[in-house]
Amino acid sequence: MPPEADQPVHAAAEAVARRSYGKLVAFLAARTRDVAGAEDALSDAFAAALQDWPRAGIPASPEAWLMAVARNKIIDAARRRRSSEDAAGHLQLMHDELTAAAAQASEIPDDRLLLMFACAHPAIDPPIRAPMILQTILGLDAATIASAFLVSPATMGQRLVRAKSKIRQAGIPFRLPERAELRERLDAVLGAIYAAFAEGWSDPAGTEFRRRNLAEEGIWLGRLVASLLPEEPEALGLLALMLHAEARRAARRDAQGAYVPLAEQDPKLWNAALIEEAEALLFRASRSGEIGRYQIEAAVQSAHVARRLTGRTDWAAIERLYDALAAIIDSPVVAINRAIAIAQARGAAAGVCALDALAQDARLADYQPYWAARAGLLARSGDAAAADQAYARAIGLESDPAVRDFLQRRRAELGGRQGEPA
C-alpha cells in the first residue's frame, strides 16, 4: 500500500496503464519490431513515474511523459547493442521517429490492432497467440496468464519470450493483412479474445484472483476490435456473444453461491442493457450478409434470452443454429450443445443418440461438459445405472466446487429415484 500522499500518483499511473499500456507498447513495438524491448522500456517508464511524479507532480499529459521516457530507454538500449558506426544511421532514424511521436503524443496512432495481428501471424505457434495478445495489449504478467491457460509460469514465460523473439527475428510486419489473408489472421485474433473471455467466464464468482478479470478484459478487447473494424461482421458477432454471456453472470449463482444452470435461471436477473447492446450488434452484423461462427453463436444466445420475453425457449430454432455452426467448425462444444438442443426439441433418447455418435472422439475422454450432458440425458431417458457412471465421471473432472456440488445433488436425486417402488 503506497503512502497516503502518494496514492493519487499511483491512481494516476494505474489509470494511464489501464487506458494506454497496450497503445504505447504497440506504437513502440511497431517501430522497433521489438515487443519485449517496448515492454521493458515502458515498464521502466512507469517505475520512473512512481519516483518522479510524487516530487514533481503528475504531468499534464501522463501518456506523453511515459512515451518520452520509454523512447529514451529504447534508444539507450539500442545504442548499447549497436556500437558500430554502421548503426548510427539506424539509431538516428529511430530517435527522430520516436522523438516526433513523443512531441505529438496526443496524436499517437492506435496500433493495438496491428500488434494483435502481429501476435496472430502464421509464424507464431497457435497456442501462444492468445497469451501474447493478453500480455502485450493488457500487460498481464506470465504468472497470471499461465494460471488461466493451465501451464506453469516458467513454461509460459519461456513461450512468450520465444514468440516475441520470433517477431523480431522474422521481421513480422505490424500492419493490417491484405484482404486475401485478413480472414485467417482475424480469426486468430478473435479466437484469442474469446479464449481470454472463456477463461474468465469459467470463474463466475471471481474467486480466483489471477483469472477474475479475464472476462472483463476479453470484452474490452472485443470492443477495441469492433471499434477499429466497425464493418467486420465477425468482430461484431464475437462482441455480441460475449455480452450475451456476461449479461447472465449474476444469475449463474443463487444467494447461497450454488450453481444455477441456464434453463433454471431467473431471466429477471439478466442484465437488460448488455442484452440490448448485444442484440443491436448482432443486427448490425447481419446486414453484411456474411455469416460466421461468432454470429451464429451469438444468435444461439439471442434465442436463449428470448425466454425473458416469451417465457419459453425455441429449442427447434437452437437445434438449427447448432446444425449451421457444426457445418462451419469441428468443435466438441458445438456437438455437445447440439445434442442437448436435440434432446430438448425431440426427446432425451434422440439427444443420447447424438452424444453416442461422438463417443469415439478422443477429445471427449476427459471433457467434463460431455460427461455432465451425458449424465443428464441418460437420467432423463431412464438409464439410471449409466447416468450414475456418467455423473461420477463428470464430478471427478469438475474443478468448480459449485458445479461439482450441483452434479452431486443431481446424482443423489438419481439414486433416490432408483430406490423408488415401480
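## Model and confidence

This is a predicted model, in which local features need pLDDT of at least 70 and side-chain atom pairs count only at pLDDT 80 or more, while totals for chains, interfaces and linings use all residues. Residues are numbered from 1 along each chain as its sequence is written, and side-chain values use heavy atoms, with hydrogens and water left out.

The average pLDDT (the predictor's confidence in each residue, from 0 to 100) is 84 for the chain, and 86% of the residues score at least 70. Residues 206-212 fall below 50, and this stretch has 13 contacts in the model beyond near neighbours in sequence. Where pLDDT is low, the predicted coordinates should not be read in detail.

## Overall make-up

Let us start with the whole chain. It has 20 helices and 0 strands; both are DSSP runs numbered from the N terminus, helices being H or I of at least four residues and strands E of at least two. Of the 422 residues, 48% count as buried, meaning under 20% relative accessible area, with exposed being over 50% and partly exposed in between (1.4 Å probe, protein chains only).

Contact means heavy atoms within 4.5 Å. Among contacts with a separation of 6 or more, residues 24 or more positions apart account for 65%.

## Helices α17 and α18

Two packed helices are described by the angle between their axes and the distance between the axes. For α17 (residues 348-356) and α18 (residues 368-381), the angle is about 145 degrees and the axes are 8 Å apart. Here the axes are lines fitted to C-alpha atoms, for helices over the stretch in contact, and angles run from 0 to 180 degrees between N-to-C directions.

The crossing of this pair is left-handed, that is, the near helix is turned anticlockwise from the far one by less than a right angle; clockwise would be right-handed. On the α17 side, the contact is made by A348, A349, G351, V352, L355 and D356, and α18 brings Y370, A373, R374, L377, L378, R380 and S381. These residues divide into 8 nonpolar, 2 polar and 3 charged, where Ala, Val, Leu, Ile, Met, Phe, Trp, Tyr, Cys and Pro count as nonpolar, Asp, Glu, Lys and Arg as charged, and the others, Gly among them, as polar.

## Around helix α5

Helix α5 (residues 112-119) is mostly covered, with 8 of its 8 residues buried. Its buried residues include R112, M116, F117 and C119.

F117 is touched by P177, which also touches L182 and R185, not counting residues up to four places away in sequence. P177 lies in the loop between α8 (153-170) and α9 (179-201) and is buried at 8% relative accessible area. P177 and H121 are 56 residues apart in sequence, with their C-alpha atoms 9.4 Å apart.

C119 and H121 are among the residues that R129 touches, along with A188 and A192, again not counting residues up to four places away. R129 is found in helix α6 (residues 126-138) and counts as buried at 15% relative accessibility.

## Two partly exposed residues

R33 sits in the loop between α1 (7-32) and α2 (35-56) and is partly exposed at 29% relative accessibility. Its phi is near 60 degrees, a positive value in a residue other than glycine. Most residues other than glycine have a negative phi.

A324, in helix α15 (residues 315-326), is partly exposed with a relative accessible area of 34%. Its C-alpha atom is separated by 7.7 Å from that of I296, 28 residues away along the chain.
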